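Trainee: I have a model open and would like to go through it with you. Could we take it piece by piece?

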Amino acid sequence: MLFTGDIEAKTENDLVSRYGKKLQSTVLKVAHHGSSTSSTYNFLKAVQPQLALISCGDKEKYNHPNKKVLGTFEYLQIPVKVTSQNGEITLRTDGEKYQIMTDK
């Protein structure tokens, strides 16, 4: 799993330059609530997640997640779970397999 906090495009680019394919992760916790300042195409191609998780409020003033960002995930065929749509997201893993549960 890769937890990105609030990194933005510059940091994503730095990470891709430094680590490349070593960034590959099964699950990506999307940076900055799915903001347009993160989740660049090159970063997502390097990470190649099987699942992306976005934490954001419902009807919040910043309109997260960004529609263009969601479009990038769709284009790369990366499934996304968003708390504003799916409610609380719980991920359980045994270190090899994972299970996702939502409350909606």
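This is a predicted model: local features need pLDDT of at least 70, side-chain atom pairs count only at pLDDT 80 or more; totals for chains, interfaces and linings use all residues.

Trainee: Which residues of helix 3 are buried?
Mentor: Helix 3 covers residues 67-75, and Val69, Thr72 and Phe73 are buried in it. Viewed down the helix axis, these buried residues fall within an arc of 100°, so they line one face of helix 3.

Trainee: Why would residues a few places apart in an α-helix point the same way?
Mentor: An α-helix has 3.6 residues a turn, so residues three or four places apart point the same way.

Trainee: Which residues are exposed on the other side of helix 3?
Mentor: Lys67, Lys68, Glu74 and Tyr75 are exposed there.

Trainee: Back to the buried residues of helix 3: what covers them?
Mentor: The cover includes helix 2 (41-47) together with strand 2, strand 3 (51-54) and strand 4.

Trainee: How many bridges join strand 1 and strand 2?
Mentor: These strands pair over 2 bridges, strand 2 being residues 27-29. Leucine 2 is opposite leucine 28 of strand 2.

Trainee: And strand 2 with strand 3, how many bridges there?
Mentor: Strand 2 and strand 3 are joined in the parallel sense by 3 bridges, and lysine 29 stands opposite leucine 53 in strand 3. With helix 2, strand 2 and strand 3 also make a β-α-β unit, which is right-handed.

Trainee: Staying with strand 3, are its residues Leu51, Ala52, Leu53 and Ile54 buried or exposed?
Mentor: These residues are all buried. Leu51 and Leu53 lie on one side of strand 3, with Ala52 and Ile54 on the other, and both faces of the strand are covered.

Trainee: Which residue of strand 4 is the bridge partner of isoleucine 54?
Mentor: The partner is valine 82. Strand 3 and strand 4 pair over 3 bridges, in the parallel sense.

Notes:
Residues are numbered from 1 along each chain as its sequence is written. Side-chain values use heavy atoms; hydrogens and water are left out. Two strands pair if DSSP finds at least two bridges between them. Helices (H or I, at least four residues) and strands (E, at least two) are DSSP runs, numbered from the N terminus. Buried means under 20% relative accessible area, exposed over 50%, partly exposed in between (1.4 Å probe, protein chains only). The arc is that of the directions from the helix axis to the C-beta atoms. Contact means heavy atoms within 4.5 Å. A crossover is right-handed if, with the strands pointing away from the viewer, the path from the first strand over the helix to the second runs clockwise.
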